[in-house]
Amino acid sequence: MSLGKFASGQTVSSPGCSMNQVTSVCVYCASSRQADQEYAQSARRLGEILGELGVTLIYGGGAVGSMGAVADGALSRGGRVLGILPRFMDELEWGHPGISELCLVDSMAQRKQQMIDRADALIAL
């Protein structure tokens, strides 16, 4: 099953796995503005694919870098986006203001655990 193509032209596929079984995907990625734009473009495309498939994106809740791009991509295709953000980051206004739901936690460890617990599948960019 082909899920789509990234900016690099690489095809994303999932042999032997039906997307009908996956309703939510956690994406681990950076919130840095310093990374090459190709990473942000690929993250956005992944978000678009998840949105098109009706798969909920679960991610770190950030608004910039690859984090912001993956969320914006999913939202642009009508996808549901759940961000998990530590309270101290919310106080610094690092959270994405346009996502479907923002869950605040007390620590980075809780953030990681919540992201894992709520997802059917994990992707690291």
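**Reading a sheet, a helix and one histidine**

Tutor: Helix α2 (residues 65-76) lies across β3, β4 (56-59) and β5 (81-86), and runs at about 165° to β4. Axes are lines fitted to C-alpha atoms, for helices over the stretch in contact (heavy atoms within 4.5 Å), and angles run from 0 to 180 degrees between N-to-C directions. This is a predicted model, where local features need pLDDT of at least 70, side-chain atom pairs count only at pLDDT 80 or more, and totals for chains, interfaces and linings use all residues. Residues are numbered from 1 along each chain as its sequence is written, and side-chain values use heavy atoms, with hydrogens and water left out.

Student: In what order do the five strands form the open sheet?

Tutor: Helices (H or I, at least four residues) and strands (E, at least two) are DSSP runs, numbered from the N terminus. Two strands pair if DSSP finds at least two bridges between them. Here the order is β6-β5-β4-β3-β7, with parallel pairing. Because β6 and β7 (121-124) each have a single partner strand, one side of each is left without a neighbour in the sheet.

Student: How many bridges link β3 and β7?

Tutor: Strand β3 (residues 24-28) pairs with β7 over four bridges; Cys-26 has Leu-122 in β7 as its bridge partner.

Student: Is His-96 buried or exposed?

Tutor: Buried means under 20% relative accessible area, exposed over 50%, partly exposed in between (1.4 Å probe, protein chains only). His-96 has 10%, so the residue is buried. His-96 is in the loop between α3 (87-91) and β6 (101-105).
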